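Please have the structure open as you go through the points.

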Amino acid sequence: MKADKYGNITVQGRHRYAAGPEHAGHEMIVGLRALEVEILDAEGKRVITHPRSYGDKPTDSGDPSSQLGLLCDRPAAWRNSRVRDAMPDPLREWIDAQDEATRRDGLRALLHADGESGWRAAVAGMLEILESTGGTDRAGVCLAAARHASGLGPVAYDDPVDLSEYDIAYTKEDE
């Protein structure tokens, strides 16, 4: 089968499986099995395997993270992307409101965190950093995503930390 311009294969006219944008327009070998769909490149090398969908309702198995690299290069495509559709509302709204440079930086942070910790952890980490700081930065997103991927919760302190004791070091006393 030939992948469409987005790198997707459509089976039975209604079930779409993502091979990845790097395979857009290429001939692919598609193996249909009872429980999975295996997609191979023209040389027979495995590209990806998806759980097989059945029924009359159209389905899309596309992984939103497969578009992240392209979005980093073309952040103006954000509004029509699968990545945008997969985001929780607060994160989607924040990214919608950003200028192109800030959107690109945020998407790059998400791409890096996704590569290290996986899609779900990256989104959870980015949302956590956005809620706690009002913005996103790569280091914070990656750290939060790694924590989510490992199953650890945020650090919680019993008592608020009083830093006023350290003010003495920065103030000059009159003698």
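1. A definition to start with: two strands count as paired if DSSP finds at least two bridges between them. With that in mind, β1, β2 and β6 form an open sheet of three strands, in the order β1-β2-β6, with mixed pairing. Each of the edge strands, β1 (8–11) and β6 (59–60), has a single partner strand, so one side of each is left without a neighbour in the sheet.

2. Within this sheet, do β1 and β2 run parallel or antiparallel? They are antiparallel, and four bridges join β1 to β2 (residues 15–18).

3. Another open sheet has three strands in the order β3-β4-β5, and here the pairing is antiparallel. Its edges are β3 (29–32) and β5 (46–51), each pairing on one side only. On average, neighbouring strands in this sheet are turned by 15 degrees against each other, direction ignored.

4. How many bridges link β4 and β5? Five bridges do, in the antiparallel sense, with β4 covering residues 36–40. For a closer look, glutamate 38 has threonine 49 of β5 as its bridge partner.

5. Please keep in mind that this is a predicted model. The protein has an average pLDDT of 87, and 95% of the residues score at least 70. Among its elements, β3 has the highest mean pLDDT (94), whereas helix α7 (residues 167–170) has the lowest (72).

Notes:
Residues numbered from 1 in each chain as written. Predicted model: local features only at pLDDT ≥ 70, side-chain atom pairs only at ≥ 80, totals over all residues. Heavy atoms only, no water. Helix = DSSP H or I, 4+ residues; strand = E, 2+ residues; numbered from the N terminus. Axes fitted to C-alpha atoms, helices over the stretch in contact; angles between N-to-C directions. pLDDT = per-residue confidence, 0-100.
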